[in-house]
Amino acid sequence: MKPHRAEGTPQRLRAADIGLIAMLAFVVMFEGFDISLTSVVLPFVGKAYGVDAEGLGRSLSVIGLGAIAAWFVIRLSDRFGRRPVLLLSAGAFSIGSLATILMPTIESYTLVQALTRIALVSQIATAYLIVSESLPPALRGRAAGLLGACGSFGAALPAALLATALDTSLSWRGLFLVGGAPLLILPLLWFRLGETPAFTARKAAPSNALEELRMLVAPGLRRRFVAMSLLWLIVNFSAVVSTFFFTFYVLNERGWTAADLALIAPFGLGSAFFGYLAAGFLMDGIGRRATAALFFVANGLLVMICYAATGWLAIAACYVGIQAMLGTWTICFTLNAELFPTHVRAAANGWCHNLIGRWGMVGTPLLIGWLSRLWGSVGTTCFWLGLSCFAALPVILFALPETRGRNLSTEESDA
């Protein structure tokens with residue numbers, strides 16, 4: 001990885017950039033894989049451990065605490081570097097995924113998945129930081145979109161492989177074997193992944209969490225800190241609403257089978273791929289804020305139609321559209337990286353996304369479980385909670401600055 005580009009160098013991807021994206025795409029793939037897997041195995045986890053929807057909601061909330069605990073890991077990359085944090089978290093995620101296969105109770109399953117979630121969230125956040133700090137400003141959005149697009153294959157894998165897995169001796173647990181795949185790429189990352197130029201040239205990182213917080217709430221960054229925290233809270237809340245209970249919903253309330261999920265999986269894969277690409281190109285074309293607003297509105301409409309519909313085709317079409325909205329995560333990771341200076345960039349992601357925003361992923365399963373019991377339907381619950389997507393609009397339009405074209409390696413960006 002070359003540290004700098006000469007002045008006037010054409011803004012296009014070099015071979016080293018493409019190699020970097022290819023390596024990190026394999027890592028990022030497991031963000032979509034893990035979120036999708038959580039949804040796909042949910043009804044089978046409930047049957048295997050004798051847990052109802054409300055109990056599953058409690059389990060998902062505890063697992064979601066792992067994403068909050070990832071705050072401790074992500075912020076360390078401001079002190080020790082992006083590279084070591086990525087390597088350690090990728091290895092830990094693989095080991096945790098494999099260990100899940102052996103868990104005999106819902107309590108042990110939940111605990112191991114919570115620990116695995118710490119590693120997953122840490123590796124994903126660090127991967128996007130590396131891309132943001134290594135690519136030129138004019139191409140950063142497209143590069144992040146390409147990274148997410150290549151990684152989108154993971155989101156379709158659980159549904160595509162479910163029917164096959166159910167025919168094996170491991171049954172649904174066999175899907176967790178796929179989570180061990182990052183172990184295969186660790187040697188390549190070890191020898192080929194360098195530290196980012198922006199990190200190498202950074203100012204001194206804060207020495208502790210209180211100093212980080214003091215910097216983030218200082219007048220120059222306070223508005224961005226609050227806005228991104230709110231945006232991440234909405235992203236996590238809406239992600240649970242749109243995807244976590246989808247399999248439970250269609251199998252238990254719409255009469256679907258595993259074969260139906262496998263049938264729509266390839267279309268979901270293609271939709272997610274082009275959704276990530278579209279997010280990247282739109283971010284560089286019309287800006288980060290306009291792209292974010294577009295994706296949040298579209299996701300809200302798709303979720304509400306999906307959980308209100310009764311026809312197979314309408315539900316399937318909305319599911320495919322929701323997969324395209326996974327590009328929202330790339331948009332938010334890009335915004336979070338571009339809004340804060342290098343020496344607190346990882347800390348800002350950890351505070352905004354993990355310590356604050358991820359509570360949306362912790363509390364929402366509990367809310368869905370409780371409301372589903374109260375209203376007697378997961379579909380009705382998710383329909384009304386789909387309105388949460390629209391809450392992002394005032395945050396995007398009135399509280400966030402446009403960051404397109406910002407140079408993350410200059411002193412100006414670190415001011």
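## Close-up views of cysteines and a helix pair

View 1. A disulfide needs two cysteine sulfur atoms within 2.5 Å. This model is predicted. C382 counts as buried, because its relative accessibility is 0%.

**View 2. C332 is in no disulfide.** A disulfide is a covalent bond between the sulfur atoms of two cysteines. The structure holds zero disulfides. For C332, the nearest cysteine sulfur belongs to C352, 11 Å away. C332 has a relative accessible area of 0%, so C332 is buried.

**View 3. Helix α7 packs with helix α19.** Helix α7 spans residues 106–134, and helix α19 spans residues 345–357. Their axes are 11 Å apart. The packing angle is about 135 degrees. The crossing of α7 past α19 is right-handed.

**View 4. Residues from α7 and α19 make the contact.** From α7 come V121, A125, L129 and E133. From α19 come R345, A346, N349 and N354. Which classes of residue make up this contact of α7 with α19? Four are nonpolar, two are polar and two are charged.

Key:
Residues are numbered from 1 along each chain as its sequence is written. This is a predicted model: local features need pLDDT of at least 70, side-chain atom pairs count only at pLDDT 80 or more; totals for chains, interfaces and linings use all residues. Side-chain values use heavy atoms; hydrogens and water are left out. Buried means under 20% relative accessible area, exposed over 50%, partly exposed in between (1.4 Å probe, protein chains only). Axes are lines fitted to C-alpha atoms, for helices over the stretch in contact, and angles run from 0 to 180 degrees between N-to-C directions. Helices (H or I, at least four residues) and strands (E, at least two) are DSSP runs, numbered from the N terminus. A crossing is left-handed if the near helix is turned anticlockwise from the far one by less than a right angle, and right-handed if clockwise. Contact means heavy atoms within 4.5 Å. Ala, Val, Leu, Ile, Met, Phe, Trp, Tyr, Cys and Pro count as nonpolar, Asp, Glu, Lys and Arg as charged, and the others, Gly among them, as polar.
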